[in-house]
Amino acid sequence: VARGLLGPSLIDSSAESVATRTILARATAGRTPALRPVAGQRGLTTIPVACEHGTLVVALALETTEGGLRPMRLQGAPGREWHDSWTGEISTADATGELAIATPEGVAVLWSKSN
């Protein structure tokens with residue numbers, strides 16, 4: 001059990017985030033996320049969440065030095081449609097499986113009908 005907010009800790013790349021990353025590693029052990037960060041996406045974390053129907057992945061992004069947020073670039077199954085419950089947007093992965101999502105707040109709660 002952890003007290004406090006995990007969100008800000010997830011995007012902190014300092015050594016202090018080791019405890020948070022350990023908690024998440026244990027909580028998600030044995031689960032392979034249907035979406036994962038594209039190489040080079042520093043500070044982007046994906047967390048697979050068990051759900052009764054479909055696939056659910058939470059993604060948290062790092063803030064840029066300009067004060068804005070860069071789009072999340074995620075890799076998954078080609079052509080798969082994702083519904084972002086955070087923004088209400090629907091995105092489809094391209095032919096290579098890449099998904100680029102604009103996240104004004106650095107959070108995406110992505111659900112797909114497919115398992």
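**Close-up views of a predicted model**

**Figure 1. Overall surface and secondary structure of the predicted model.** The secondary structure consists of two helices and eight strands. Along the sequence, these elements follow the pattern α-α-β-β-β-β-β-β-β-β. The protein has 115 residues, of which 37% count as buried. Among contacts with a separation of 6 or more, 54% are between residues 24 or more positions apart.

**Figure 2. The five-stranded open sheet.** The strands of this sheet stand in the order S2-S3-S8-S5-S6, and their pairing is antiparallel. Strand S2 (45-49) and S6 form the edges, each of them pairing on one side only. From one strand to the next, the twist averages 30°. At one end of the order given above, S5 and S6 run antiparallel and are joined by three bridges. Trp82 stands opposite Ser91, a residue of S6.

**Figure 3. The loop at Gly88.** Gly88 is placed in the loop between strand S5 (81-84) and strand S6 (90-92). The residue is exposed, because its relative accessible area is 60% and the exposed class begins over 50%. Gly88 and Leu110 are 22 residues apart in sequence, and their C-alpha atoms are 9.7 Å apart in space. Leu110 itself is a member of the largest nonpolar core.

**Figure 4. The three-stranded open sheet.** Here the order is S1-S4-S7, again with antiparallel pairing. Strand S1 (36-37) and S7 stand at the edges with a single partner strand each, so one side of each has no neighbour in the sheet. Arg36 stands opposite Gln75 in S4.

**Figure 5. The salt bridge between Arg73 and Glu98.** One salt bridge is found in a search of the whole structure. Arg73 and Glu98 form a salt bridge in which the closest N and O atoms are 2.8 Å apart. Arg73 belongs to strand S4 and Glu98 to strand S7, so the pair ties together parts that are 25 residues apart in sequence. Arg73 counts as partly exposed, with a relative accessibility of 32%. Glu98 also counts as partly exposed, at 22% relative accessibility.

**Figure 6. The largest nonpolar core.** Twelve residues make up this core: Leu35, Leu44, Val57, Ala59, Ala61, Met72, Leu74, Trp82, Leu99, Ile101, Ala108 and Leu110. Two or more residues come from each of strand S3 (55-60), strand S4 (72-75), strand S7 (98-101) and strand S8 (107-112). A separate core of six residues includes Ile47, Leu56, Leu60 and Val109. In soluble globular proteins, nonpolar side chains tend to be buried together.

**Figure 7. The surroundings of Met72.** Met72 is one of the residues of the largest nonpolar core. With residues up to four places away in sequence left out, the residues that Met72 touches include the core members Leu44, Ala59, Ala61, Leu99, Ile101 and Ala108. Met72 also touches Gln41, Leu60, Ala100, Thr103, Gly106 and Val107. Leu60, one of these residues, belongs to the separate core of six residues.

Notes:
Residues numbered from 1 in each chain as written. Predicted model: local features only at pLDDT ≥ 70, side-chain atom pairs only at ≥ 80, totals over all residues. Heavy atoms only, no water. Core = buried A, V, L, I, M, F, W, Y, C linked by side-chain atoms within 4.5 Å. Buried < 20%, exposed > 50% of the residue type's maximum accessible area, 1.4 Å probe, protein only. Helix = DSSP H or I, 4+ residues; strand = E, 2+ residues; numbered from the N terminus. Contact = heavy atoms within 4.5 Å. Pairing = 2+ DSSP bridges. Axes fitted to C-alpha atoms, helices over the stretch in contact; angles between N-to-C directions. Salt bridge = Lys/Arg side-chain N within 4 Å of Asp/Glu carboxyl O.
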